[in-house]
Amino acid sequence: MEVTFQFDWAAAFRSIPHLLPGIPWTLLISFGGLAIGFIIGIVFGLMRISPSRLLRLPAIVYIEVFRGTPILVQVLFIFYGLPQLLGGPINALTAGIAAIAVNSGAYISEVVRGGVQSIERGQREASLSLGLSRTQAFRYVIWPQAFRRMIPPLGNQGIISIKDTSLFSVIGVGELVRQGQIYIATTFTALEVYFMVALMYLAITWSLSLLLRQLEKRGLVGQ
Amino acid sequence: MTQNENPTAPIVRMEKVNKHFGSLHVLKEIDLQVAPGEVVVVIGASGSGKSTLIRCINGLEEFQDGHIEVDGNELTPHGKSGRALQKIRTEVGMVFQQFNLFPHLSVLDNVTLAPMKVRGWSRADAVETAERLLERVGISDQAAKYPSQLSGGQQQRVALARALAMEPRLMLFDEPTSALDPEMIGEVLDAMRELAREGMTMIIVTHEMGFAREVADRVIYIHKGEIAEQAPPEKIFDTPEDERTRSFLARVLKH
């Protein structure tokens, strides 16, 4: 008995227009969430290295909780759980952005902490010895150098978060995977459609990698 | 700028300064006065506390008890000096062993940063001063480069220009040539020699004994956190009184 399986290129290409509407959703959730996550990361990352225990402790708790629990559980908690607390529904898009924000925020906090701590002590000493205040030393000397070192791990986190949005099909956001599932339900061409879905993620993440590589090249002048 | 009313009043006055690192007693009852225009060289074995001593003067190290006064500003123990410390740092320049230039800024921006942000100078004024100072230390043609593109000796001269741009009343040098290749030590010492000649008050921690003998008004030998002996260079190098000084010099001057 002969089993033949044909990859149906025509079916794959036919799915493209049905998948494309998922891309703006994927991008909106990823980059919306990452933008907020970046702000969270700066705040909590700096709190994490503060000399004050009062600031350090909440940052440690936040980072441990959101790094230590699965993002799928986090988004389910936000979408199905939080409304019970708040007394009103949260729309799926907001829940998705919030989940990426708090999740990436925890990882970015550690990236910020690592970046700042990687700057040699002498940089701070030289700044202070010139009469710069601690705030000025941070703003003009420490942060610009730390930020450059943070670019590669931030890029990593961006790529991870983009892929994480694929889980949000479970709350019904119309992102890439969800669009694929809807289309497959009528055509039964799972192989071709998921292949195309994968390609689209690859296109997004690869573009981001290229962009970051450019940034790194330019940002690293004088390092 | 704080100007002492009496021009010969000491610019640095340390009285019974003690510092501990945990159980280690790094500075013991340090008494030291430095007059304006004086060049003081501090020598001693590594770990003797000589770097720690000068780092206390601009508050990079805390001390536990005693008295430090710099140009009329008083430092308090346990690093709680606040505004006085800020003021001291504005008036006291420092050159580090590892240069500590800002790698993300051009040579010119390294030198103009503090005058603009701390003194509030305009960019034009800061650039003019920076160019003059870079010229003086012999690197005016490298102003647009980044520190990593310079040799060690050039970097250290930029670091000197950076400190001088704040028009300090006192300069501290923490082993300024120890991280340099031998062929670059001379150019840095030349720049420092020039500065001494112009009357800058300087406290220099160094292992360059020949240089110490030549530029110092006074040499201080530190042994295990204590000032064991201080005297003019000829005296301390040729006829040291303290047994500890003699044995230290015998070790370092042998080669």
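**Exercise 1. The interface of chain A and chain B**

Task: In this predicted model, find how many residue pairs are in polar contact between chain A and chain B, and which elements of chain A take part in the interface.

Solution. Start with the count: six residue pairs are in polar contact between chain A and chain B, both partners being at pLDDT 80 or more. Next, look for the elements that give two or more residues to the side of chain A that touches chain B; these are helix H6 (121–129) and helix H7 (134–164) of chain A. Of the elements, H6(A) gives the most to this side, namely eight residues. Then sort the residues on the side of chain A by class: eight are nonpolar, ten are polar and three are charged.

Now take both sides. Chain A brings 21 residues to the contact and chain B brings 23 residues. The size of an interface is often given as the accessible area lost when the parts come together. Here chain A and chain B bury about 1,900 Å² between them, and 61% of that lies on carbon and sulfur atoms.

**Exercise 2. Charged pairs across the interface**

Task: Which side chains meet in a salt bridge between Glu125(A) and chain B, and what network are they part of?

Solution. Side chains of opposite charge can pair when their charged atoms come close. The rule finds one salt bridge across the interface of chain A and chain B. Its partners are Glu125(A) and Arg55(B), with 2.7 Å from N to O. Both residues belong to a network of salt bridges that also links Arg121(A), Lys19(B) and Glu61(B).

**Exercise 3. Salt bridges within a chain**

Task: Over all chains, how many salt bridges does the structure hold? Describe the pairs of Arg113(A), Glu175(B) and Arg123(B).

Solution. The total over all chains is 23 salt bridges.

1. Arg113(A) pairs with Glu110(A), and their closest N and O atoms are 3.1 Å apart. The two are separated by about one helical turn, because they stand three residues apart in helix H5 (residues 92–117) of chain A. Arg113(A) has a relative accessible area of 21%, so it is partly exposed.
2. Glu175(B) pairs with Lys50(B), at 3.7 Å between the closest N and O atoms. This pair links distant parts of the chain, 125 residues apart: Glu175(B) is in the loop between strand S7 (170–174) and helix H6 (182–197) of chain B, and Lys50(B) is in helix H1 (residues 50–57) of chain B. Both Glu175(B) and Lys50(B) are buried.
3. Arg123(B) meets Asp109(B) at 3.3 Å, N to O. Here 14 residues separate Arg123(B), in helix H4 (residues 123–136) of chain B, from Asp109(B), in helix H3 (residues 107–117) of chain B. Arg123(B) is partly exposed at 41% relative accessible area, and Asp109(B) is partly exposed at 26%.

**Exercise 4. Gln156(B)**

Task: Is Gln156(B) buried or exposed, and what is it in contact with?

Solution. Gln156(B) lies in helix H5 (residues 152–164) of chain B. Its relative accessibility is 1%, so Gln156(B) counts as buried. A polar atom of the Gln156(B) side chain is 2.7 Å from the backbone oxygen of Phe96(B). Beyond neighbours within four places in sequence, the contacts of Gln156(B) include Val95(B), Gln97(B), Phe99(B), Pro176(B) and Val188(B).

**Exercise 5. A hairpin in chain B**

Task: In which sense do strands S1 and S2 of chain B pair?

Solution. S1 (residues 12–21) and S2 (residues 24–34) of chain B pair in the antiparallel sense over seven bridges. His20(B) stands opposite His25(B) in S2(B). The two strands form a hairpin with two residues between them, and Gly22(B) in the turn has a positive phi of about 60 degrees.

Methods. Residues numbered from 1 in each chain as written. Chains lettered and ligands numbered in written order. Predicted model: local features only at pLDDT ≥ 70, side-chain atom pairs only at ≥ 80, totals over all residues. Heavy atoms only, no water. Pairing = 2+ DSSP bridges. Helix = DSSP H or I, 4+ residues; strand = E, 2+ residues; numbered from the N terminus. Contact = heavy atoms within 4.5 Å. Buried area = accessible area lost by both parts, 1.4 Å probe. Salt bridge = Lys/Arg side-chain N within 4 Å of Asp/Glu carboxyl O. Polar contact = N/O pair within 3.5 Å; in protein donor to acceptor, adjacent residues only side chain to side chain. Nonpolar A, V, L, I, M, F, W, Y, C, P; charged D, E, K, R; others polar. Buried < 20%, exposed > 50% of the residue type's maximum accessible area, 1.4 Å probe, protein only.
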